[in-house]
Amino acid sequence: MTRSYDTIVIGGGLLGCATAWMIARDGGQVLLVERDQINQHASGSNAGSLHFQLEYRMIERGIEAARTAAEAMPLHLDAARLWSDLPGLCGQEIEVKQTGGLMIAEDAHQVELLEKKTEIERSWGLDNQMIDRAEIDRLAPYLSDRVAAAAYCPTEGKADARTAGPALARAALQAGAEIETRTEVTGLSRQAGRWHVAVTSAAGATTVSAESVVIAAGVWTTRIGQMMGAHLPTIPLALMMTVTQRVPKLIPHLVQHAGGRLSLKQALDGNILIGGGWPARLIRNQDGEPNFEAKPELLARSLSGNAEMAIRVLPDLAAIPAIRSWVGTTTVTPDQLPLVGPVPGQPGAFVATGGSAFTLGPSFAQVLAALISGQQPDTDLKAFDPARYGRK
Ligand SMILES: Cc1cc2nc3c(=O)[nH]c(=O)nc-3n(C[C@H](O)[C@H](O)[C@H](O)COP(=O)(O)OP(=O)(O)OC[C@H]3O[C@@H](n4cnc5c(N)ncnc54)[C@H](O)[C@@H]3O)c2cc1C
């Protein structure tokens, strides 16, 4: 007999786990299906930055592009609140520290960009303000003298990417969700008002059914969309990260740069994480299609470029050995705004992905859980509607 649920969540990254937890907490019968292990992909390999300011990739093409990217600010504001409440709400230990974030500028052009960007963010309600060098000396004396000014956002910070997803999976289980790992969704069809989801595991192939399905599949989103005949465009990116040896407390903030790819933060155990979006090489198959099952290749020029930039703004780093670099894949959308909402033409199917989906994971999960239960989410989702891309 086909097992049936209210909702089937496809993907066990941070987003899928958070969504399954929220649905189960609200009384829904939910099955989460993950082809590998929980948190094995982007959610477990990212930098863990909780950035609510617009990132470098959103301002590098100028202030008009930044204005468009700022349309996602309501989700950022929700995320800032949700992350701080998350450990208490889900009853799990999640290492979340919101001790403030600095986006730094080294020259007059970057200062001007930061000022304009900060104005846009403040108009959406983000608590963010410009600080001058004197204030930097007081707040962040660890930064190089080259840093001329910064935008300071008190709610920014970090969460531990290795443990947040699994903690939410535990919360989901405790709330009554079922989770099947090493189980791949291989087909989706809709019959008589229900979704029939073909899954394959070591135990064999079977079909489970549900009223609704949630696509929380990261870089596999487009592929899952194709299974149901939907166009869900995503652009895959392969990125790298580096971590140093443990050192005594040095940086209490999340540090990002207005003029290049850089993020810096110190984990609770003392390791400094260096990232910010430097590329790794995505592996492609013979037809040029990305192969997400293969690990991207680390690029030497990214390794050195990221390290050079990090040392330039945090000179103490020059004496701290790096112990590991790694790669991961993630998605952005063609217009840089998230893809969140009902899948066009597919009743009962919902999707979320795109951009800083670690930071925004709890916000995405909250709106997905509302949509599934037939409620209107508090956040206006018009700008993120997957239907904006139409069909191919
Ligand atoms: C190096 C790096 C650094 C980053 N830094 C940050 C950061 O600091 N802050 C931030 O906000 N974001 C950051 N990101 C982006 C962030 O990691 C991702 O946006 C986020 O983790 C996506 O979460 P997810 O749950 O949607 O996807 P994922 O974590 O990728 O999970 C999707 C899951 O779906 C499963 N799946 C796919 N297809 C199927 C199928 N057919 N059947 C069953 N399961 C399936 C996959 O196995 C996978 O586990 C970074 C990304 C990288 C790679």
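The model is predicted, so local features need pLDDT of at least 70 and side-chain atom pairs count only at pLDDT 80 or more, while totals for chains, interfaces and linings use all residues. Residues are numbered from 1 along each chain as its sequence is written, and side-chain values use heavy atoms, without hydrogens and water.

**Domains**
- Domain 1 comprises 4–44 + 163–234 + 335–389, and domain 2 comprises 100–155 + 235–331; such bounds come from an automatic or database domain assignment.
- The centres of the two domains, taken over C-alpha atoms, lie 29 Å apart.

**Interface**
- Contact (heavy atoms within 4.5 Å) links 10 residues of domain 1 with eight residues of domain 2.
- The two domains bury about 800 Å² between them, 50% of it on carbon and sulfur atoms; buried area is the accessible area (1.4 Å probe) that two parts lose on being put together, summed over both.
- Val 219, Arg 223 and Thr 234 supply 58% of the area that domain 1 buries against domain 2.
- Two salt bridges cross the interface, a salt bridge being a side-chain nitrogen of Lys or Arg within 4 Å of a carboxyl oxygen of Asp or Glu.
- Arg 223 and Glu 293 form a salt bridge through their side chains (3.7 Å, N to O).

**Strands**
- An open sheet of three strands runs in the order β3-β8-β4 with antiparallel pairing; strands are DSSP runs (E, at least two residues), numbered from the N terminus, and two strands pair if DSSP finds at least two bridges between them.
- β3 (49–50) and β4 (96–97) each have a single partner strand, so one side of each lacks a neighbour in the sheet.
- Lys 97 has Lys 158 in β8 as its bridge partner.

Methods:
Helix = DSSP H or I, 4+ residues; strand = E, 2+ residues; numbered from the N terminus.
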